[in-house]
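Today I shall present one structure, and I ask you to keep it in view while I speak.

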Amino acid sequence: MMGVLRTERVSIDFGGLRAVDNLDFQIGDEIVGLIGPNGSGKTTFLNIISGIYKPTRGRVYFNGEDITSLPPHMIRAKGIARTFQTNRLCLNLSILDNMLLGLYCQQQTTWWQAIFMSSSSSREIKLGIEKSLAILAHFNPALITRAYEPVMTIPLIDRRRIEIARAVVGDPRLVLLDEPTAGLNSEETNQMINDIAKIRRRSSQISIIIIEHDMTVISRITERVVCLNAGQKIAEGTFSEVARNELVRTAYLGG
Amino acid sequence: MGNKIYRYSLAGLSTLGICMALYVCLSSALLVALIVIALAIVILSVGERKNVIDKVYRLIGDNKALNLGIIALFILLLPFLVQGNNYLLHIAIMAGIFSIVALGLNFQIGGIGQINFAPAAFYGMGAYTSAFLSVKMGLSPWLGTLCGLLMAIVLGVVVGFPALKARGYYLSLVTIALQIIFTLMIVNSPWIGGPNGIPGIPSYQIGGFSFRTPVALGGIQLPYQVNFLYLVYILLALFALAANRLYNSRVGLAWNAIEQDPIVAACQGINLTNTQLLAFCLGAAYAGIAGAIYGHYTSFIGVENFDFSQSLIFICMVILGGTDNVPGVVLGAVLLTMIDEKLRDFSGYRLLMYGIVLIIILIIRPKGLLPKRIRVYQQKDRSEYSSHSAVVTGGSR
């Protein structure tokens, strides 16, 4: 299996608290589910991968390259995109503008080009708009007619779709999804599962790490599951293997 | 076809109407000016509720050449309209200079959402650099202006680089400190005139023609202000064009993303340090060149032109006009400059009245006269995709 992302004994301390503890993790061309009770370090781990936190110890390799000390914007440029647990779109901006932000890392226009070579700048924007609308259509065609509306007027399920669309529009190699179904009802959760499946259908060259508490989501879309507890990896394997694991059951049910 | 001509003339008329309203504000007494502004506010508020403003925007945007032509003609004819009244021309020039500063400040307030309380320091940096070089060193005012612009940018980098590690209130505090240090430094530096300022600043020259000589145009003797009026408004047009292009580019979008959520912006590949520093430096450049021109225009600069209260006025211009809206910021700067001058009748109560007018306008239009709008990239898209609620409602800040 060709490794896309690999972490080596990654740890992070917040004061006296070790949120992630000696974590070895790797992902190839697959969808990996990251599960674990609240506070087990799942989101912290995504924050380490995407460069928001620097690990206290350990290294992160992406396509064989050490990205441990890179800032978030350079990690995005390498091809790791993410969504956030609490939906974090730019609410004042239109759907289209949010999508164009997802393409920022692929665009080249500098400020002086924007001022003095406005035709190349607007050509780049035009291409971006076409691409954004194509991706939006892939997720929910109804959003195209609302492309110029501010995101705050859009319902939650569509906001999540837009956030995922924003993450994949820039052709990342790896997408990190942090609880994409939080706050959705069961009908919407089903739609979201289909949407995530669509990412892979669009391009098999996208690996996905997904944090989720809803086990139906995990069982239906992930190919492999990693379970964390107190920052440590306690189980790894297919969903049915992990679900049978005694340690996992104890971690979730307590006792 | 008939519809097209109809729209064309409607667009022309609305621009003409805006120009005439501004002219009436400029040339008549305070009371009339206030009535015109009040009427404009009512039209804006009612229009927005009925979605008319959006249509007017589109109308004007669809016929850009015509409308820019009307505005250019209006400024070209302004000296004749006011019959060479040099006081009114002076107000118009100051409105242009302040507009340039406000456009620059808008990169910070409207763009990255950071309130810089020291625009007057950057404005003063440009003015003092250019004045010092041309008075004490005998440098050409043109070169002096260029140096003023560069020095303002240098100040922007030196202050911005460490200051932009802070955000929100903390950044504002740093800029307040900068403003106070700047004023104190000038007062305590005898080599740049200290509290007495720098008098006798030479004016621009092209060939043998000094900008401070009156001109006779079409048989009418016009005061020297005409030269500066045209110079300032040509520059304002260029700077507004640049600001507009930045706003519609990925740079403007990146600024807005940083304003909304810096972590999300970084995760989209935006380099926070460089992009924010850019907003600071471009703002400084705008302020610097405006300050330099101010010095060469009035031939005297003193510290009171660049103090904290001047900074606050610049901030008011951006907020009252409408953050992140180029026409709005220019409108805000022009209106506040005119109101400020009209209020001179009140002498002692001038600042009080100024504050009251500001508060009333902001109560009625809390997001500014022309609020921030949703970006529309091409006119063609607009007809394809619906575009109601184009004004940004509410906010997450």
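How near do the axes of α13(B) and helix α14 of chain B come, and at what angle do they cross? Before I reply, please note that this is a predicted model. The two axes come within 7 Å, and the crossing angle is roughly 125°. Helix α14 spans residues 326-342 of chain B.

Which residues meet here? From α13(B) come Ile313(B), Cys316(B), Met317(B), Val318(B), Leu320(B) and Gly321(B). Facing them in α14(B) are Gly328(B), Val329(B), Gly332(B), Ala333(B), Leu336(B) and Thr337(B). Sorted by class, this contact of α13(B) with α14(B) has eight nonpolar residues, four polar and no charged.

Helix α13, residues 308-321 of chain B, has a further partner, namely helix α15, residues 350-364 of chain B. The axes of α13(B) and α15(B) come within 11 Å and cross at roughly 25°. Since angles under 35 degrees count as roughly parallel, α13(B) is roughly parallel to α15(B). This crossing is left-handed. On the side of α13(B), the contact is made by Ile313(B), Cys316(B), Ile319(B) and Leu320(B). On the side of α15(B), the residues are Tyr354(B), Leu358(B), Ile361(B) and Leu362(B). The contact of α13(B) with α15(B) consists of eight nonpolar residues, with no polar and no charged ones.

I now turn to charged side chains. Side chains of opposite charge can pair when their charged atoms come close. How many salt bridges does the structure hold over all chains? The total is 26. I shall describe several from chain A.

Let us begin with Arg6(A) and Glu8(A), whose closest N and O atoms are 2.7 Å apart in a salt bridge. Arg6(A) has a relative accessibility of 33% and is therefore partly exposed. Glu8(A) is likewise partly exposed, with a relative accessible area of 33%.

Another salt bridge joins Asp178(A) to Arg82(A), with 3.9 Å between the closest N and O atoms. This pair links distant parts of the chain, 96 residues apart. Asp178(A) lies in strand β7, residues 174-178 of chain A, while Arg82(A) lies in strand β6, residues 80-82 of chain A.

My last topic is the backbone. Most residues other than glycine have a negative phi. Against that background, consider Arg9(A), which has a positive phi near 45°. Arg9(A) is placed in strand β1, residues 5-14 of chain A. Ala230(A) is not a glycine either, and its phi is positive, at about 50°. Where is Ala230(A) placed? Ala230(A) sits in the loop between β9 (224-229) and β10 (232-237) of chain A.

Thank you for your attention.

Technical notes:
Residues numbered from 1 in each chain as written. Chains lettered and ligands numbered in written order. Predicted model: local features only at pLDDT ≥ 70, side-chain atom pairs only at ≥ 80, totals over all residues. Heavy atoms only, no water. Axes fitted to C-alpha atoms, helices over the stretch in contact; angles between N-to-C directions. Helix = DSSP H or I, 4+ residues; strand = E, 2+ residues; numbered from the N terminus. Parallel < 35°, antiparallel > 145°, perpendicular 65-115°, else oblique. Left-handed = near helix turned anticlockwise from the far one by under 90°. Contact = heavy atoms within 4.5 Å. Nonpolar A, V, L, I, M, F, W, Y, C, P; charged D, E, K, R; others polar. Salt bridge = Lys/Arg side-chain N within 4 Å of Asp/Glu carboxyl O. Buried < 20%, exposed > 50% of the residue type's maximum accessible area, 1.4 Å probe, protein only.
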